[in-house]
Amino acid sequence: MVIYTNHTRHSAIVTIKVESTENPEAALEIGEPDAFKTFPGAAGVHDYIVDGGKELRTVGQTTASFVSVRSLG
């Protein structure tokens, strides 16, 4: 499930709250449709950098909610 899509050309810091996951070492993906990279995401609140044109999404049975977004610059 897509949590956030960065429609700008600037990087953003996205804060999410991971509720649960079956694989904390690979709970999230950041990238674009043809090239995603996995990221860890244990239960709790985390910040991720999402570059312009990329999206942040959950993997498998991970449940997470969007908290906030702010400019990196």
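Beyond its neighbours within four places in sequence, E29 is in contact (heavy atoms within 4.5 Å) with F36, K37, T38, E55, L56, R57 and V59. E29 lies in strand 3; strands (E, at least two residues) are DSSP runs numbered from the N terminus. The relative accessibility of E29 is 16%, and E29 therefore counts as buried; buried means under 20% relative accessible area, exposed over 50%, and partly exposed in between (1.4 Å probe, protein chains only). The side chains of E29 and R57 are joined by a polar contact of 2.8 Å. Such a contact is a pair of N or O atoms within 3.5 Å; within protein, one must be able to donate a hydrogen and the other to accept it, and residues adjacent in sequence count only if both atoms are side-chain atoms.

The structure is a predicted model, in which local features need pLDDT of at least 70 and side-chain atom pairs count only at pLDDT 80 or more, while totals for chains, interfaces and linings use all residues. Residues are numbered from 1 along each chain as its sequence is written, and side-chain values use heavy atoms, with hydrogens and water left out.

The largest nonpolar core comprises 13 residues, and those with the most contacts inside it are V14, I16, L28, V50 and L56. At least two residues of this core come from each of strand 1 (2–5), strand 2 (12–20), strand 3 (28–32) and strand 5 (44–50). Strand 2 gives the most, with 4 residues. A nonpolar core is defined as a set of buried Ala, Val, Leu, Ile, Met, Phe, Trp, Tyr and Cys residues joined through side-chain atoms within 4.5 Å. Neighbours within four places in sequence aside, V14 is in contact with Y4, H46, D47, Y48, V50, L56, F66, S68 and V69.

An open sheet of 3 strands shows the order 5-2-7 with antiparallel pairing, where two strands pair if DSSP finds at least two bridges between them. Strand 5 and strand 7 (63–71) are the edge strands, each pairing on one side only. Strand 2 and strand 5 run antiparallel and are joined by 7 bridges; the bridge partner of I16 in strand 5 is H46.

A42 is placed in the loop between strand 4 (35–39) and strand 5. With 38% relative accessibility, A42 counts as partly exposed. A42 touches V18 and P24, residues up to four places away in sequence not being counted. A42 and A27 are separated by 15 residues in sequence and by 7.5 Å in space, C-alpha to C-alpha.
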